[in-house]
Amino acid sequence: MSQRMQQGQPMIVMSEDSQRVKDKDAQDYNISAARAVAEAVRSTLGPKGMDKMLVDSMGSVTITNDGVTILQEMDIDNPTAEMIIEVAETQEDEAGDGTTTAVAVTGELLKNAEDLLEQDIHPTAIIKGFHMASEQAREEIDDIASEIDTDDEELIRKTAETSMTGKGTEVNKEHLAQLIVDAVRQVTVEDAEGNNVVDLEFLNLETQTGRAVGESDLLEGGIVDKDPVHDNMPTEAEDADILLLNEAIEVEETDVDTEVSVTDPDQLQKFLDREEKQLRDKVDHIVDLGADVVFCQKGIDDLAQHYLAKEGILAVRRAKKSDLEFLSEVVDAAVVSDLESATAEDLGFGDVTRDDEDELFYVEGEDAHGVTLLLRGSTEHVVDELERGVNDALDVVAQTVSDGRVLAGGGATEVELASRLRDYADSVSGREQLAVEAFADSLELVPRVLAENAGLDSIDTLVDLRAAHDDGDVQAGLNVFSGDVENTFDAGVVEPAHAKEQAVTSAAEAANLVLKIDDIISAGDLSTDKGGDEEGGAPGGMGGMGGGMGGMM
Ligand SMILES: Nc1ncnc2c1ncn2[C@@H]1O[C@H](COP(=O)(O)OP(=O)(O)OP(=O)(O)O)[C@@H](O)[C@H]1O
Ligand SMILES: [Mg+2]
């Protein structure tokens, strides 16, 4: 393609800097890059998984156990590795949890595919086999999953707890799980067919440092983390008419630079009076609308603050845009961007109370449509990791409430799937059979790593698990806390089925994408041998991929 012999002369169509890797080399290159990514997150899997500390080039630190966050924070400049990160991101978008699992399984699929390639099995046979296996696995997941009563609060709380174990949320997981379940309930409505629909848009997650995690709270309505603009303003308002304003209460400035020259003091006074009048008019307009409280996204002039205080109106300036948008749901108000054309209809109605200790306002609506989950923690890092863990759990609970299908965790589902896929493989002819078997083996990575990370013998565990499943115990998994193989569903390790389906599908698709490549044509240098040290990154690259992942930012 790029080089063709023409009258004995090679014809060069690619630039000198470009690089090309073909066939076996291309596969090796891609597979090892993808596997290196998977290796990087493996040790974080499960309740006993460890955390990673990521330091970026500015020296700011992220400590996390969350697969997708680790991969996003790592400064990866390898094209194949980036494809694997997409797996984690898709998993995060679609399911919210299970990102580490999806990436680790992708790595294992590629590792097993490598063995098949060595046996001279053509990539297309492996790709087809993987695809068949993943389709079959989805069907089996649906078969294995238990339909639960979506009012079963106890069980739903268990899904939240399972999702949070091993994260920063661990210590207070009972308390947090209860808050999460309550929060999701508040934003769940039934549609015409009686199905639960969860709208997480009405749920606002706020964080605050300086207090214990156990003091996290669920508040009806929203919060505004600001002070009143003027000391003489009321700090609370009951049954208040609330104006949400996206316009400054300041003197309007002209678009072009203007210069005003005054020749006598009268003129100056007139000019100032006019400015004053403009502000007065704006405040009068707010008074006419009947507003008791103004949350303003922009600035409020000192003089206007004074007028507002005199009128007994509580005003807050420079409120966050996202807060105003959320408040508009809570108190059923419009966000006004032109004060003059605003009408009383645009105002919302609710109670505003002040928390002096935390220096914030609580805003509750009449029939509050919207809740705020206020997460507290001692330091910024604690709160950040808490937020990630709670976010995962919120998605998990939302899925469980709307979908109703759950699975036993601790590797139970993966081992059962592996066993069923091996049976299925018998019905598959040709070389695809070997790929289906390889797929089954790959899924068993999950219990193996769970055991490994918990300091247990992974082979023993897998042998016990297989034996239990052969005896028909579909929900036998590894409970890492007791170290025993037992019915994990009964032990309260429960996961939503949707997340598992998504993980299996995206792992298979990502592996297939990598396997289909037999030619890498790069405009620049592919080897990326510069490594992390040269880039001033953290010492010690990720290894295993030619320095491509050297240096984590
Ligand atoms: N008590 C437990 N015993 C055994 N396994 C557990 C237990 N609690 C959770 N697990 C398992 O831990 C795995 C989830 O681990 P983890 O949350 O670290 O990774 P993930 O969900 O794949 O990715 P991430 O949460 O980073 O997006 C699941 O397989 C789950 O079944
Ligand atoms: Mg998880």
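This is a predicted model: local features need pLDDT of at least 70, side-chain atom pairs count only at pLDDT 80 or more; totals for chains, interfaces and linings use all residues.
**Around ligand 1**

Helix α4 contributes three residues to the shell around ligand 1, the most of any element. Residues are numbered from 1 along each chain as its sequence is written, and side-chain values use heavy atoms, with hydrogens and water left out.

Let's look at the shell itself. It holds 26 residues, each with a heavy atom within 4 Å of the ligand. Among the closest are Thr99, Lys167 and Gly410. At least two shell residues come from each of α4 (99-118), α14 (445-453) and β20 (476-479).

Now for the polar contacts, pairs of N or O atoms within 3.5 Å. A polar side-chain atom of Thr100 is 2.7 Å from an oxygen atom of ligand 1, and a polar backbone atom of Gly46 lies 2.9 Å from an oxygen atom of ligand 1. On the nitrogen side, a polar backbone atom of Leu478 sits 3.4 Å from a nitrogen atom of the ligand. The protein covers 97% of the 640 Å² of accessible area that ligand 1 has on its own (Shrake-Rupley method, 1.4 Å probe).

Key
Chains are lettered from A and ligands numbered from 1 in the order in which they are written. A polar contact is a pair of N or O atoms within 3.5 Å; within protein, one must be able to donate a hydrogen and the other to accept it, and residues adjacent in sequence count only if both atoms are side-chain atoms. Helices (H or I, at least four residues) and strands (E, at least two) are DSSP runs, numbered from the N terminus.
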